[in-house]
Amino acid sequence: TYAQYGDGNMFRGDPTHKGVATGTMADDFALLWKYDTDHPVTSSPVVWEGVVYIGVREYIQGFNTMTGELEFSYETNNEMSSTPTIWDGYLYALLEDGELVCIELEDDRQWTFQTDGYGETSSPTVYAGYVYFGSTTNKVYCLDVETGTLIWEFTTGDKVYSSPAVLGQHVYIGSTDGNVYCIDATNGDLVWEYATGGPVYSSPSVVLSSGRVYVGSRSNKLFCLDTDTGNLIWQYTTIGDVDSSPSISERKVYVGGGSYVYCINADDGVLIWDESVSTVGLSSPTVIDGKVIISANRKIFSLDKNTGSKLWEDSTAYDPVTGAAVGDGLVFVGSDDNYVYAFCDVSKLDLFRMFYELAESARVNSDYLRSRIGDLQIEINALEAENLLLRADLNELADSIPVLSSTPVVALKRGRWGHIS
């Protein structure tokens, strides 16, 4: 999963949008499951506590990461293109009609905030008791995270499709007026602005230790700016628009531009490698376990973090139109063909499917199991050479099942799987 910032997950993993995930990731993948949603999948996914949440036309749906079973569905009555945010038991989503909704994961709507926008793509960021997002009303909004009360709004010169990064007392966001803005997080006052020379769809990534913010622009450039002053530190010219949001890992910047993925030295802006993939568009890379995961047009790629060489790509006929997400050792992507896809380590495909059959059997026989006894937790050790542990809780399991002593049993707690390492 992404390195978590508190009790939740969001676009790019945390409020600084560095796009770095923790855990292990395979070199080669195979399709684990796909789910037919009956509608085009319109947003990028986010993973939290064994469930992958994603926008599906007029619904927000959540699927069990291991089995693909539908666990959560909420009708929004409007499409959603932004990535949902999970925070402290609530889901925050900006719908295309300009409505921000706060939903308890138990399926009770808590509050809404309506803007006059339409065609929204900015993903909400939750930080220190507030939720921030951009809008096609040309504004950036700050709301109270518990009540949805407007705290402040800031007006830019054009539409805001970029998603805000937040660090300390500052909010960083781009606008199609060509500027990157730094806004005071408490009162909405302008701290600084920087003109990039082209519309900014990219979402900034901020690094506290170096005091730098990285962001792309349709001027075909990636910019590195000082977080406090907005002064230009360096810029790098790409082949094509940089709508992608950069990932920052070990003093390297990874970003898509045109049909390339770039790795650039974060200190001085010198190119380390570039790799031709396919049209990247708004898709953003995720760095995990020495790899860069990114979707581009009809393909999903895994690249070597240090060299850019292709480790794996999927080139089946479907057209993934969402960004890829990682979680529970899997890769997830949505598609315009109505499917949500999950890919797993190809060497563990048979094992995952066996676990699915066991879990399905446990679900079918849940009435019998409930009639026996309370909780039992089973930890299965030494899963192949990687010593990956899978933990499964099966509530109210029978007190005497002979196969437990000799056969791995994996079941679902509320239909969810979890990994521990």
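Biologist: In which order do the four strands of the open sheet β23 to β26 stand?

Modeller: This is a predicted model, where local features need pLDDT of at least 70, side-chain atom pairs count only at pLDDT 80 or more, and totals for chains, interfaces and linings use all residues. Residues are numbered from 1 along each chain as its sequence is written, and side-chain values use heavy atoms, with hydrogens and water left out. Strands are DSSP runs of E, at least two residues, numbered from the N terminus, and two of them pair if DSSP finds at least two bridges between them. Pairing here is antiparallel, and the order is β23-β24-β25-β26.

Biologist: Which residue of β26 stands opposite Y262?

Modeller: Strand β25 covers residues 260-265 and runs antiparallel to β26. Five bridges join the two. Opposite Y262 stands D274.

Biologist: Is E99 buried or exposed?

Modeller: E99 lies in strand β9, residues 99-104. Buried means under 20% relative accessible area, exposed over 50%, partly exposed in between (1.4 Å probe, protein chains only). E99 has 12% relative accessibility, so it counts as buried.

Biologist: What is the angle between the planes of Y132 and W152?

Modeller: Rings of Phe, Tyr and Trp (its six-membered ring) pair if their centres lie within 6.5 Å; planes under 30 degrees apart are stacked, over 60 edge-to-face, the rest tilted. The structure holds 22 aromatic pairs. Y132 and W152 form a tilted one, 6.0 Å centre to centre, with planes at 45 degrees.

Biologist: How many residues apart are Y172 and W192?

Modeller: Their rings form a tilted pair, 6.1 Å centre to centre. Y172 is in strand β16 and W192 in strand β18. The pair links distant parts of the chain, 20 residues apart.
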